[in-house]
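Me: Hi, I'm new to this one. Could you walk me through it?

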Amino acid sequence: MALKAFLTSGFAVSYLDNDDFSPKGIGFLLNWKIRTNTIAKWKRNHGVFGYSVYCAIRPDEEEKSWKKTGHELRHAVDHTQNSLSYRSHKDLSSLSKPLSVTDFSTTACSGSNVRVAFKGIPGAYSEDAALKAYPQCETVPCDEFEDAFKAVELSLADKAVLPIENSLGGSIHRNYDLLLRHRLHIVGEVQLPVPFCLLALPGVRAEQLKRVLSHPQALAQSDRLLNKLGVVRESVDDTAAAAQFVAANSLRDAGVIASARAAEIYGLDVLAEGIQDDPDSITRFLVLARDPIIPRTDKPFKTSIVFALEEGPGVLFKALAVFALRHINLTKMESRPQRKRPLRVVDDLDTGSAKYFDYLFYIDFEASMAEPRAQNALGHLQECAAFLRVFGCYPIDTL
Ligand SMILES: O=C(O)C(=O)C[C@]1(C(=O)O)C=C[C@@H](O)C=C1
């Protein structure tokens, strides 16, 4: 019964304590309903694999009067500027500073713009993704991925846009783990081609560079050019931070891999554009919000879930069959170790003792939760899953 109740809450209102993915049941769902007074209306759908499914409906998904303005937000943040002397080429003091965990208060928001949290500083590709999703938004830089989650949870921002996978570099595991530990819903995705550029101080030529600074993904994806230049690779937190660092310290021997927008912001020259080994490489970002959106069927939707299975032969095969049987296409699968039960020890007198890892399986599938085949597939999956949570159902981003 507990599991059934959990799936009920897991569809549209999955809400877990940090690090906790044990079933919470109906009582928890009710608590959630009482606490979430911003939700205008609740719609109750009967007959979805026998259990009730609650969907939170907000009349206007984007704009809310209780939001904090960007000006207020910036004042809520302690702008401790580091002591680097900005001898460089642009006035960097006007740029907004990243939020860090110490900046969070529980102050409610007001204002009208959508504020979108991202990890990095202005000019990062994640900020491009935020602007692609919400062209009029006010971007909110954050120090860490987790700060972006917290900014939304505490209403310092309305959405977070975070990278989840790169077509060359693969999954960003940290964000898979944070999705589980936090209470946000996936409400959209952004697929962004990332045209990496080689930047340097004005007047510096590529042959003069001894080192190149960037995000590890950008360095890994630009291997060919970096080998040709014979430079040392230096990893930093985000591509724009690399640009800011080289500019702020007037480093004439250092190049940067970052966006043309970062070059513009930090006063660097673009020495080469589109330097990545694979010109078609893209990064996929998730858009996260406090409340889910209503699944629709009038355009292609994707659903993201996570589940755990009991041990036994063929359990993963059976779990995946629930989608194959209904011709539901899986677009992504990721497995992550369960943090609370990292090892399962099996004693067998014949073969000695074996250790198994327990995993969580994250899946994206191409169907909307408004479609009976998707509801049936999850009902079926629930029969063999020890745990199941739906992160969200959202429109597919086509490039
Ligand atoms: O460093 C940035 O500019 C980011 O936005 C982060 C990030 C990533 O995490 O993968 C995003 C896209 C690019 O692939 C490189 C880096």
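This is a predicted model: local features need pLDDT of at least 70, side-chain atom pairs count only at pLDDT 80 or more; totals for chains, interfaces and linings use all residues.

Me: OK. How many helices and strands does the protein have?

Reply: There are twelve helices and 19 strands. Those are DSSP runs numbered from the N terminus: helices are H or I with at least four residues, strands are E with at least two.

Me: And what are its domains?

Reply: Domain 1 is 2-58 + 293-395 and domain 2 is 68-290, with bounds that come from an automatic or database domain assignment. The contact between them takes 17 residues from domain 1 and 13 residues from domain 2. Two residues are in contact if their C-beta atoms, placed from the backbone, lie within 7 Å.

Me: Which strand gives the most to the domain 1 side?

Reply: β19, with four residues. β14 (301-309), β15, β18 (359-365) and β19 (385-395) each supply at least two. By class, that side of domain 1 has ten nonpolar, three polar and four charged residues. Here Ala, Val, Leu, Ile, Met, Phe, Trp, Tyr, Cys and Pro count as nonpolar, Asp, Glu, Lys and Arg as charged, and the others, Gly among them, as polar.

Me: Switching to the ligand. Which residues come nearest?

Reply: A124, Y125, S126, D238 and T239, out of 15 residues around the ligand. A residue is near if its C-beta atom, placed from the backbone, lies within 6 Å of the molecule. The shell divides into seven nonpolar, seven polar and one charged.

Me: Which helices and strands supply at least two residues each?

Reply: α4 (125-133), β5 (159-166), α7 (216-221) and α9 (239-248).

Me: Why is α4 largely enclosed?

Reply: Seven of its nine residues are buried, so the rest of the structure largely encloses α4. A residue is buried if 20 or more other C-beta atoms lie within 10 Å of its own, exposed if 12 or fewer, and partly exposed in between, with C-beta atoms placed from the backbone. The buried residues of α4 include Y125 and S126, and both of these are also among the nearest to the ligand.

Me: What about the largest nonpolar core, how many residues are in it?

Reply: The core has 93 residues, and A160, V161 and A243 have the most contacts inside it. It draws at least three residues from each of domain 1 and domain 2. A nonpolar core is a set of buried Ala, Val, Leu, Ile, Met, Phe, Trp, Tyr and Cys residues joined through C-beta atoms within 7 Å.

Me: What is A243 in contact with?

Reply: Leaving aside neighbours within four places in sequence, A243 is in contact with G123, L199, V256, A258, A262, A263, Y266 and L268.

Me: Last one: is H327 buried or exposed?

Reply: H327 is exposed, with 9 other C-beta atoms within 10 Å. H327 lies in the loop between α11 (315-324) and β15 (330-337), and has a positive phi of about 55° although it is not a glycine.

Methods: Residues are numbered from 1 along each chain as its sequence is written.
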